[in-house]
Amino acid sequence: AMAGWKTEDMLNGIEGIMNLAAASGEDLATTSDIVTDALTAMGLQASDSGHFADVLAAASSNSNTNVGMMGETFKYVAPVAGALGYNIEDLSQAIGLMANSGIKSTQAGTALRSILARPPKEAAAAMEKYDISMKNSDGSMKSLMEVMENMRDSLRGLPKDEKAAAAAALGGQEAMSGLLSIVNAS
């Protein structure tokens, strides 16, 4: 209710939230807060809570993170990812890949936010040099997965020092380790 959900929303969303709380070992209040905040930030509805909870459960059980840490990550990146139209599956995969390299919680959120919100002017030269684009030829946004795959393909085979420099140019100094963990593991 604190998240603005109506009675029907709460009844429709409670099963997914309860299942996630049970699977993650987090308490129900914390899990509910994570799900409702992240759903809102991503522009999703209460009716999406079951699917959202399933994605979080899968991501946390298949990578070196947990639901609580993912909740901290979402605080920083979910509003940006939602505004860009990215889906929770791709975002959770990026969070999991970063967590597997030790970049978790608020650090992961800050890195992902920096990567996604980097002013195009600052990253434009590197994006052009390495043939990386966030948009399709028709002007629509690529999915986060397509962007990650584009970066991986474009930076594959570069000498290590050039790959690190490209990551710094693309995501900024704060985000380069996060970007490299995604590119190297994708």
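Predicted model: local features only at pLDDT ≥ 70, side-chain atom pairs only at ≥ 80, totals over all residues.
**Exercise 1. A serine in helix 8**

Task: Find which backbone oxygens lie by the side chain of S154, and classify S154 as buried or exposed.

Solution. 
Step 1. S154 belongs to helix 8.
Step 2. Take the backbone oxygen of Y130. A polar atom of the S154 side chain lies 2.8 Å from that oxygen.
Step 3. Take N150. The side chain of S154 reaches the backbone oxygen of N150 at 2.8 Å.
Step 4. List the contacts of S154, leaving out residues up to four places away in sequence. They are Y130, D131 and I132. D131 is the loop residue from Exercise 1.
Step 5. S154 has a relative accessible area of 19%. Buried means under 20%, so S154 counts as buried.

**Exercise 2. The largest pocket**

Task: Describe the largest pocket: how many residues line it, and which elements give two or more of them?

Solution. 
Step 1. Start with the space. The largest pocket holds about 350 Å³.
Step 2. Its lining has 21 residues. Nearest the centre are I115, R118, A123, M127 and M134.
Step 3. Assign elements. Helix 6 (105-117), helix 7 (120-129), helix 8 (144-155) and helix 10 (176-185) each give two or more residues.
Step 4. Helix 7 provides the largest share, five residues.
Step 5. The lining has 19 nonpolar residues, two charged and no polar.

**Exercise 3. The second largest pocket**

Task: Which helix gives the largest share of its lining?

Solution. 
Step 1. About 250 Å³ of space lies in this pocket.
Step 2. It is lined by 13 residues, with A1, M2, A3, S32 and T36 closest to the centre.
Step 3. Two or more lining residues come from each of helix 1 (7-24) and helix 2 (28-41).
Step 4. Helix 2 gives the largest share, with six residues.

**Exercise 4. The nonpolar core**

Task: Identify which members of the largest nonpolar core touch the most other members, then list what F74 contacts.

Solution. 
Step 1. The largest nonpolar core has 54 residues.
Step 2. F52, L56, F74, L91, L112 and L179 touch the most other members.
Step 3. Follow F74. Leaving aside neighbours within four places in sequence, F74 contacts A38, F52, L56, P79, I88, L91, S92 and I95.
Step 4. In soluble globular proteins, nonpolar side chains tend to be buried together.

**Exercise 5. A methionine in helix 8**

Task: Decide whether M148 is buried or exposed, and give its C-alpha separation from A94.

Solution. 
Step 1. M148 lies in helix 8.
Step 2. Its relative accessible area is 3%, so M148 is buried.
Step 3. Along the chain, M148 and A94 are 54 residues apart. Their C-alpha atoms are separated by 8.4 Å.

Notes. Residues numbered from 1 in each chain as written. Heavy atoms only, no water. 1 Å grid on protein atoms, 1.4 Å probe; cavity = no way out; pocket = protein on both sides within 12 Å on 5 of 7 lines; lining within 4 Å. Points joined across faces, edges and corners; volume = space filled by probe spheres on them. Helix = DSSP H or I, 4+ residues; strand = E, 2+ residues; numbered from the N terminus. Nonpolar A, V, L, I, M, F, W, Y, C, P; charged D, E, K, R; others polar. Buried < 20%, exposed > 50% of the residue type's maximum accessible area, 1.4 Å probe, protein only. Core = buried A, V, L, I, M, F, W, Y, C linked by side-chain atoms within 4.5 Å. Contact = heavy atoms within 4.5 Å. Polar contact = N/O pair within 3.5 Å; in protein donor to acceptor, adjacent residues only side chain to side chain.
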